[in-house]
Amino acid sequence: MCAKGLSTAGLGIALGFALLAGAARAQTAAPTRDDIVGKLNHFEEAAEVDLPALKQQVMERAKARIKNDPGPVNRPLIAPDLAKLPAFNAQIQFDADTPIIQPASYQTVGRIADALVHSSLLPYTFLIVGHVESNSKTREANAILSQRRADAIRDVLVNTFKISTKRLHPIGLGEEQFLDRAKPTSAVNGQLQILTYAKLPEEPARPAAAPAPAAKKPAKKH
């Protein structure tokens, strides 16, 4: 009886570990292309965001030493209109304090590329939004790092997966727009976002080329 009880208990523990391992794998598994397309393909209207101005505002606010800064939990969002856009939040792993993408995240980046060339997403442009969680570094350093990471993802999508650079707009928001404002130090705030930004402008139709004039036959000699 005792041996049988121990055997059953051991089996239960082993099964429990297997279930936990399976859950961990499920959490870290790369999303499918269809998962990403499903998040991004319900675009309604473009957000009123001036990207060059926003980049400048992020850096200016990150550098400023505001006397009455409300702190990370209550800091106002710098671009609240972005929340209206379809979004896919990606858990991309980078080397610490660098924009170097870790190999474990290559598959996720590849799936993002697959999604962006899906027929339902081809008419759109996208924001690549870098974030960071609150940490011991300065807000300015984190703003710069988030921009470099967004740039790194754009570069891989363009250079490796041949996505048109016209469709991708990288922007780093640093600590100026947390994904989870209630928990500024949470790893969730380090996620990278892909947002459906706007429709590509339609190219004017090219006029049909005029048919080439028929070559004249040489006159017959009499």
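Two strands are taken to pair if DSSP finds at least two bridges between them. Helices (H or I, at least four residues) and strands (E, at least two) are themselves DSSP runs, numbered from the N terminus. With these terms in hand, a tour of the fold can start at its sheet. The model is predicted, so local features are reported only at pLDDT of at least 70 and side-chain atom pairs only at pLDDT 80 or more, while totals for chains, interfaces and linings use all residues. Residues are numbered from 1 along each chain as its sequence is written, and side-chain values use heavy atoms, with hydrogens and water left out.

The sheet is open and has four strands in the order 1-4-2-3, with mixed pairing. Strand 1 and strand 3 stand at the edges with a single partner strand each, so one side of each has no neighbour in the sheet. From one strand to the next the twist averages 25°; here axes are lines fitted to C-alpha atoms (for helices over the stretch in contact), and angles run from 0 to 180 degrees between N-to-C directions.

Strand 4 has antiparallel pairings with strand 1, over four bridges, and with strand 2, over six bridges. Strand 4 is mostly covered, with seven of its eight residues buried; buried means under 20% relative accessible area, exposed over 50%, and partly exposed in between (1.4 Å probe, protein chains only). Strand 2 and strand 3, in turn, run parallel and are joined by six bridges, and Val129 stands opposite Ile171 in strand 3.

Two helices pack on this sheet. Helix 3 touches strand 2, strand 3 and strand 4, and its direction makes about 20° with that of strand 3. Helix 5 also touches strand 2, strand 3 and strand 4, but its direction makes about 160° with that of strand 3. Contact here means heavy atoms within 4.5 Å.

The interior comes next. In soluble globular proteins, nonpolar side chains tend to be buried together. A nonpolar core is defined as a set of buried Ala, Val, Leu, Ile, Met, Phe, Trp, Tyr and Cys residues joined through side-chain atoms within 4.5 Å. The largest such core has 44 residues, and Ile153 and Leu157 have the most contacts inside it. Two or more residues each come from helix 2, helix 3, strand 1, helix 4, strand 2, helix 5, strand 3 and strand 4. Leaving aside residues up to four places away in sequence, Leu157 touches Val109, Ile112, Ala113, Leu116, Ile128, Lys162, Ile163 and Leu168.

Lys162 is found in the loop between helix 5 and strand 3 and is exposed, with a relative accessible area of 64%.

A search of the whole structure finds one aromatic pair. Rings of Phe, Tyr and Trp (its six-membered ring) pair if their centres lie within 6.5 Å, and planes under 30 degrees apart count as stacked, over 60 as edge-to-face and the rest as tilted. Phe43 and Tyr124 form the pair, which is tilted, at 5.2 Å centre to centre and 50° between the planes. Phe43 lies in the loop between helix 2 and helix 3 and Tyr124 in strand 2, so the pair links distant parts of the chain, 81 residues apart. Phe43 is buried at a relative accessible area of 15%, and Tyr124 is buried at 11%.

Charged side chains form further links. A salt bridge is a side-chain nitrogen of Lys or Arg within 4 Å of a carboxyl oxygen of Asp or Glu, and by this rule the count comes to seven. One of them joins Glu175 and Arg75 (3.8 Å, N to O). Glu175 lies in the loop between strand 3 and strand 4 and Arg75 in the loop between helix 3 and strand 1, so this pair ties together parts that are 100 residues apart in sequence. Both Glu175 and Arg75 are buried. Another salt bridge, between Asp97 and Lys137, spans 3.6 Å from N to O. Asp97, in the loop between strand 1 and helix 4, is partly exposed at 46% relative accessible area and has a positive phi near 60°. Lys137 is partly exposed at 37%. Arg61, Arg139 and Glu176 are linked in a network of salt bridges.
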